[in-house]
Amino acid sequence: MSGNETTDPVDTFSYRGYTNLANLLAGKDIDDKAFLKEITSSAAFETHKASMSAMWERYQMSSIDVIRQWSQENLKESPDTVFYPFGGPDFNYLSSFFPECRLAVLVGIEQAGKLPFIDKLSMEHYTEILTSLRTSISSNVGLSFFQTLNMAEDLNSYLQGTLPVVTMFIALHGYEVITINPVMIKDGKLVYTEPDKVFAHTLDKKIGDGFEVLYRKHGEKGARRVCYLNSNLSNEAFSKNGMDKLIGKTFKGKLTFLKAASYLLHQPEFSEVREAILQNSKTILSGPSGMPYEAYDKNKWNFRFFGNYVGPIPLFSTCVQDDLKAAYKSTTPSPINFRFDYHTSSSFTLAEKK
């Protein structure tokens, strides 16, 4: 597995188990009426469907459609490859900003987890799981980011890790889920940990610290790929876990997306990943909490400023960027009408290498 393309067996798309489960998690109708009928015929699922539908319809109009319009107007072309460090399970904003993306990697400190309803325990607690899903995404659609500590509480022992959330968002964005596989980094590339089971018709795969979801639009030829890696990006682990080579090979000349990144790239202990992103990225779309403005070599980058930068929220009060404030005052930033990063007065920069 490398690059943006997949080589798929003829019957790859014949197995509907993953799509059925993704639609269940998303509160959507399922073609196979016999699939997990105990859940899909329950009052709890009807409540889940109604709640998810109402929430997503409001969010679609207020945010997704607006973000898509921004992308069409401001990105020269929708990127096919995106690196999203500190993104956690946020497929939602990834897909909203980059609807033509074919390969993306999300990185977070949350465990990768597993799919629910493939074991007796989660089946017995499906009502709590559906409730937890709705709770876990409320901050993402309301605030534009996941709150890591809250997410750990929301995803209770019956609903583990980021995999259910990523899978659910893929279905909410209207895609079919083809298969899910455990992956790891090897020599700067993402490879399968169980290559003989890649297209096995089973929901029960041992995920480990990373997974890949193959998905596609209905009727689309070939598959798209989004991967999630539970990985420490600090200097002490950056080269040990292979993230340095992954950025240098797979994402060289591509786009890096930084949103709600907790100002980690402003810290000395994250200097290696910061420099790797600056060295290898062609484009960086970042909120104030992502790439520090002072880290850019201004002779090598062109900038466009969006929104209104007024400084950090109180939680990050020490991370004021006076040089970024000055840059905003010296230009005419383009207004935005959607939430981004932490502050209600949202802002971000689009930096393109000269």
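This report covers helix packing, aromatic contacts and selected loop residues in a predicted model.

**Helix α1 and its neighbours**

Helix α1 spans residues 17-26. Because 10 of its 10 residues are buried, α1 is largely enclosed by the rest of the structure. The buried residues are Gly17, Tyr18, Thr19, Asn20, Leu21, Ala22, Asn23, Leu24, Leu25 and Ala26. Just after the helix, Gly27 has a positive phi of about 75°.

Helix α1 packs on helix α8 (residues 163-172) at an angle of about 90°, and the two axes are 8 Å apart. The two helices are therefore roughly perpendicular, given that angles of 65 to 115 degrees count as such. On the α1 side the contact involves Ala22, Asn23, Leu25 and Ala26, and on the α8 side it involves Pro164, Thr167, Met168, Ala171 and Leu172. Sorted by class, the α1 and α8 contact contains seven nonpolar and two polar residues, with no charged residues.

A further contact joins α1 to α3, with axes that come within 8 Å and cross at roughly 75°. Leu24, Leu25 and Ala26 of α1 meet Phe45, His48 and Met52 of α3. The residues of this contact comprise five nonpolar, one polar and no charged. Leu25 and Ala26 are among the α1 residues in the contact with α8, and Leu25 and Ala26 also take part in the contact with α3.

**Aromatic pairs and cluster**

A search of the whole structure gives 34 aromatic pairs. Two of these pairs are set out below.

| Pair | Centre to centre | Angle between planes | Geometry |
|---|---|---|---|
| Trp56 and Tyr59 | 5.3 Å | 40° | tilted |
| Tyr293 and Phe303 | 5.2 Å | 65° | edge-to-face |

The Trp56 and Tyr59 pair lies within helix α3 (residues 43-74), where the two residues are three apart and hence separated by about one helical turn. An α-helix has 3.6 residues a turn, so residues three or four places apart point the same way. Trp56 and Tyr59 are both buried.

The Tyr293 and Phe303 pair has an edge-to-face arrangement, with planes at 65° to one another. This pair links distant parts of the chain, 10 residues apart: Tyr293 is in the loop between β8 (283-286) and β9 (301-307), and Phe303 is in strand β9. Tyr293 has a relative accessible area of 11%, and because buried means under 20%, Tyr293 is classed as buried. The ring of Tyr293 also has the charged end of Lys298 over it, 4.3 Å from the ring centre.

One aromatic cluster is formed by Trp70, Tyr84, Tyr93, Phe97, Phe98, Phe257, Phe306, Phe338, Phe340 and Phe348. Tyr93, a member of this cluster, has Lys259 over its face at 4.4 Å from the ring centre.

**Loop residues**

Most residues other than glycine have a negative phi, and most peptide bonds are trans. Leu36 has a positive phi, near 45°, and is found in the loop between α1 and α2 (37-40). Tyr263 likewise has a positive phi, near 60°.

Tyr263 lies in the loop between β7 and α11. With a relative accessibility of 3%, Tyr263 counts as buried. Pro268 is in the loop between β7 (255-258) and α11 (271-280). In contrast to Tyr263, which is buried, Pro268 counts as exposed, at 60% relative accessibility. Pro268 and Arg58 are 210 residues apart along the chain, and their C-alpha atoms are separated by 41 Å.

Val320 is placed in the loop between β9 and α12 (322-330). Its relative accessibility is 40%, so Val320 counts as partly exposed. Leaving aside residues up to four places away in sequence, Val320 touches Tyr309, Pro312 and Lys325. From C-alpha to C-alpha, Val320 is 9.9 Å from Ser289, a residue 31 places away in sequence.

Note on methods. Residues numbered from 1 in each chain as written. Predicted model: local features only at pLDDT ≥ 70, side-chain atom pairs only at ≥ 80, totals over all residues. Heavy atoms only, no water. Phe/Tyr/Trp six-rings, centres within 6.5 Å; stacked < 30°, edge-to-face > 60°. Helix = DSSP H or I, 4+ residues; strand = E, 2+ residues; numbered from the N terminus. Buried < 20%, exposed > 50% of the residue type's maximum accessible area, 1.4 Å probe, protein only. Lys NZ or Arg CZ within 6 Å of the ring centre and 35° of its normal. Axes fitted to C-alpha atoms, helices over the stretch in contact; angles between N-to-C directions. Parallel < 35°, antiparallel > 145°, perpendicular 65-115°, else oblique. Contact = heavy atoms within 4.5 Å. Nonpolar A, V, L, I, M, F, W, Y, C, P; charged D, E, K, R; others polar.
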